[in-house]
Amino acid sequence: MAAGFEGFEITWRKAVFDDAPQAGSAASFGTLGINFRARKAVDEEEPDATSSREMPSWPTEEGGSAHDDDIDAKTLRGMLERGDPVTVVDVRNGEDRTEWSIPGSVHFDAYDALNAGDEKAMEGLDLPGRVPVVTVCGLGRSSAIAARQLRRRGYDVYSLEGGMKSWSMAWNVAEVPVAGSDAEVVQVRRTGKGCLSYLVGSGGEAAVIDAALDPEVYMGLARERGWRIARVMDTHVHADHLSRSRRLAEMVGAELRVPEGAPVSYPHSPIAGGDTVRIGAAKLTTIHTPGHTTESTSYLLDDGALFTGDTLFLSTVGRPDLEATSEGAREKARALFGSVRRLLDLPPQALILPGHTSEPVPFDGEPISGLLSEVREEIGPLLEDEDRFVQKVAGGVSPTPENYERIVELNRSGEWPEGDPTELEAGANHCAAG
Ligand SMILES: [Fe+2]
């Protein structure tokens, strides 16, 4: 099952230190559960201010030039995707960082000190001297102060414009090999939020499942592969992010398929359990899997891959308690029990491809997936007894997604909010039970 950070951490550390001095070590940082040790400059001295400022400014992906002191999320995303050397320093407090973080970033909790005007807030942080640094906070204000302080020490530092809020739209991809299918599957990951969407292509045609990013992202990925997006499909009405499916379908002239019974009020083509959808030579079969929501639906690709939305994750199941009374949550939990059992009776070699992950997605090209047989082993104990299952997953003990009622309302009406959608989508997803 490929869902860990280890591969990326190794890559990232290599990228950081390939250009860094080989000797010496200094401060150690707790980051992403491993004991990250940062090395100090080559001769244990502060880096040379003159030489570090000679580094060229990074271009933005729009072709313009970044603000002298800032870097935008798109540019940082591109750098991480290419494996460019960069040290990302997260200056938020531990609680905020626990909610979500940039994969591979170094944690240096300076938030209170920076906001108290402490000119020495960033002292004690030692970084590889010749590697560009990006500071990050929630909205980009404290990180700008942190950047100024580090710059005074000679580092080449940029502050992430808009902070973690703008990082929420960052994304990366992984190709998913699917045995027994002619289709190619691309997992499109909103790394800054954990939303997983999919592009399924065969014979020059493609379907997009659970579009969670700007339509241009899917259009660009399909164009690169010579695919025409013919269908856009959702697994359910989402509560943690705004669905981009309707906008994408309109922009490319694709058929919009939404599970039958979904409480949506915009024009669409309903899809019911047992329906099949052709994509080139490949076939998607619809399986109605109520529980997380009543309309929740999974899609089986040629017995080789199963897109489970928020019904089934790799080590847990979707939560049934959003928008439900406690009695309603128990009823939905019973439905979920049956749905998950039916899914786990499908061919054991099928690859489970969920709609979310609860960890920031590394830029490692590794799909977040698991064989059905592995997932069955992982969550088997949860499915032994229906009453115990219902009691456990209907408890509603985890925090609800921020603004979820407003997000659901918009996803039902199909309307797009005025202004910046990331205002509404702040925070990690909370769609899993437990
Ligand atoms: Fe959901």
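Which residues does Tyr 218 touch, not counting residues up to four places away in sequence? They are Val 188, Leu 199, Val 208, Ala 211, Ile 229 and Leu 248, where contact requires C-beta atoms, placed from the backbone, within 7 Å.

The model is predicted: local features need pLDDT of at least 70, side-chain atom pairs count only at pLDDT 80 or more, and totals for chains, interfaces and linings use all residues. Residues are numbered from 1 along each chain as its sequence is written.

Tyr 218 is among the residues with the most contacts inside the largest nonpolar core, which has 109 residues. A nonpolar core is a set of buried Ala, Val, Leu, Ile, Met, Phe, Trp, Tyr and Cys residues joined through C-beta atoms within 7 Å; buried denotes 20 or more other C-beta atoms within 10 Å of a residue's own. Helix α10 gives the most to this core, with 7 residues. At least three residues come from each of domain 1 (5-167) and domain 2 (172-425), with bounds from an automatic or database domain assignment. A second, separate core of 5 residues includes Leu 242 and Ile 407.

An open sheet of 5 strands has the order β3-β7-β6-β4-β5, with parallel pairing; strands pair if DSSP finds at least two bridges between them. Because β3 and β5 stand at the edges, each with a single partner strand, one side of each lacks a neighbour in the sheet. Strands β4 and β6 are joined by 4 bridges, and Val 88 stands opposite Val 134 in β6. Elements are DSSP runs, helices (H or I) of at least four residues and strands (E) of at least two, numbered from the N terminus.

| β3 | 70-71 |
| β5 | 106-107 |

Technical notes:
A residue is buried if 20 or more other C-beta atoms lie within 10 Å of its own, exposed if 12 or fewer, and partly exposed in between; C-beta atoms are placed from the backbone. Two residues are in contact if their C-beta atoms, placed from the backbone, lie within 7 Å.
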